[in-house]
Every structure is written in structure tokens, then in C-alpha cells.
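Let's take a walk through this protein together, one residue at a time. Have the sequence and the 3D view ready.

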Amino acid sequence: MPRGGRRKGAGRPKGTGKFGVPTKAIRVPEMMVDHIMNFIYSKGFIFPIYDTKIQAGFPASLDDQATETLDLNGYLVKNPTATFFVRATGESMTGAGIFADDVLVVDKSAEAENGDIIIAVVNNEFTVKRFVKNGNQIELRSENPNFPTITIPEGTELNIWGVVKYTIHSV
């Protein structure tokens with residue numbers, strides 16, 4: 001009895017693998033496996049980045065050749081399993097460059113340090129504020145003088161959901 005080869009109905013049905021689309025087995029050099037897997041997981045969103053920096057003052061020339069690429073997932077997300085995105089609202093953090101409808105990249109695994117911008121739950125409501133700890137005193141500060149600082153009384157449990165690592169907004 002012959003073995004191997006194609007048999008009707010054999011194998012996994014098309015589109016049922018972890019990528020949700022038909023796949024094809026190929027041989028690739030081992031040194032390229034990580035690069036190819038990063039490309040697959042980032043869905044191909046890797047952009048050219050130029051060595052030349054753009055002047056914010058007087059105009060300067062720009063090289064027309066990209067020297068490397070930028071994978072936005074790799075750049076913005078350091079810990080994929082602990083990262084989430086949330087849209088900001090309100091005006092209490094405008095002094096920190098966070099405006100209404102900005103997308104915040106938040107790392108749940110990061111330990112909040114003095115001066116970090118965090119996502120916290122206060123009185124059963126989410127807020128984004130600057131975390132300030134002075135001894136046992138904890139404050140959640142707004143970055144807009146029109147909004148008050150929230151003082152967390154000693155002994156009160158503060159639930160920190162994550163540390164804001166990046167803000168994405170349009171200009």
C-alpha cells in the first residue's frame with residue numbers, strides 16, 4: 001500500500017491554521033527565520049527609516065536612500081503579551097502631550113516608578129495621570145493646571161493597570 005503523497009480529504013482544511021489563511025511550506029535559511037517570523041507577525045508593516053535627522057529649525061538636505069527599516073510593533077511594543085492600547089479623552093494631561101482621542105500604548109507588566117504616566121482605577125473609574133510618590137504619600141497629578149491633583153490617602157489601595165509608554169496622535 002503506498003504511503004505519503006496527496007490523498008483526498010487529508011490534512012488541515014485551508015484557512016484553519018493560526019494565521020487564518022492558506023499556508024505553504026517553504027525552506028528558508030535558518031538565519032532568516034526570526035526576520036521572516038517578525039514580518040509575518042507584524043503583518044508586513046515594516047517601514048523605511050532614514051539616517052538623516054530632520055531639522056526643526058533651518059532646512060537641511062535629506063538622503064534619498066533608507067538605511068534601515070522600522071517595525072512599528074517592535075518599536076512601540078516591548079512586551080506583546082502585557083501591552084494594550086486605549087484611547088484618551090479629556091484635557092487633564094495636555095501638558096504631557098496627551099490629548100483627546102490620542103492612542104496610549106500601555107505596558108501592564110511595567111512597574112510604576114516616580115514620575116511615570118499611568119493608567120489607574122480611582123473610585124471605580126479609570127484615569128490617566130502622572131504617578132508621584134514621596135515617602136508614603138502618593139499623588140496622581142494632572143498635567144493641566146485647570147485640573148486637581150488626586151491625593152491617595154495612606155492605606156488606600158491604588159490599582160495601577162499599567163504604565164503609558166507611548167502616545168500616538170495626529171498633528
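Leaving aside its neighbours within four places in sequence, which residues is Ala88 in contact with? Keep in mind that this is a predicted model. Beyond those neighbours, Ala88 touches Ile98, Phe99, Ala100, Asp101, Asp102 and Leu104. You will find Ala88 in the loop between E3 and E4. With a relative accessible area of 8%, Ala88 counts as buried, because the cut-off for that label is under 20%. Leu104 is 16 residues away from Ala88 in sequence, yet their C-alpha atoms are 6.8 Å apart in space.

Asp102 sits in the loop between strand E3 (83–87) and strand E4 (103–107). Asp102 is buried but has no salt bridge; the nearest side chain of opposite charge belongs to Arg87, 6.9 Å away. What the side chain of Asp102 does have is a polar contact with the side chain of His169, at 3.4 Å. Setting aside neighbours within four places in sequence, the contacts of Asp102 include Val86, Gly97, Thr167 and Ile168.

Now turn to the aromatic rings. The structure holds one aromatic pair. Its members are Phe126 and Trp161, arranged edge-to-face, with 4.7 Å from centre to centre and 85 degrees between the planes. Phe126 belongs to strand E6 (residues 125–134) and Trp161 to strand E9 (residues 159–168), so the pair ties together parts that are 35 residues apart in sequence. As for accessibility, Phe126 is exposed at 52%, while Trp161 is partly exposed at 39%.

Conventions
Residues numbered from 1 in each chain as written. Predicted model: local features only at pLDDT ≥ 70, side-chain atom pairs only at ≥ 80, totals over all residues. Heavy atoms only, no water. Helix = DSSP H or I, 4+ residues; strand = E, 2+ residues; numbered from the N terminus. Buried < 20%, exposed > 50% of the residue type's maximum accessible area, 1.4 Å probe, protein only. Lys, Arg positive; Asp, Glu negative; His and termini not counted. Salt bridge = Lys/Arg side-chain N within 4 Å of Asp/Glu carboxyl O. Polar contact = N/O pair within 3.5 Å; in protein donor to acceptor, adjacent residues only side chain to side chain. Contact = heavy atoms within 4.5 Å. Phe/Tyr/Trp six-rings, centres within 6.5 Å; stacked < 30°, edge-to-face > 60°.
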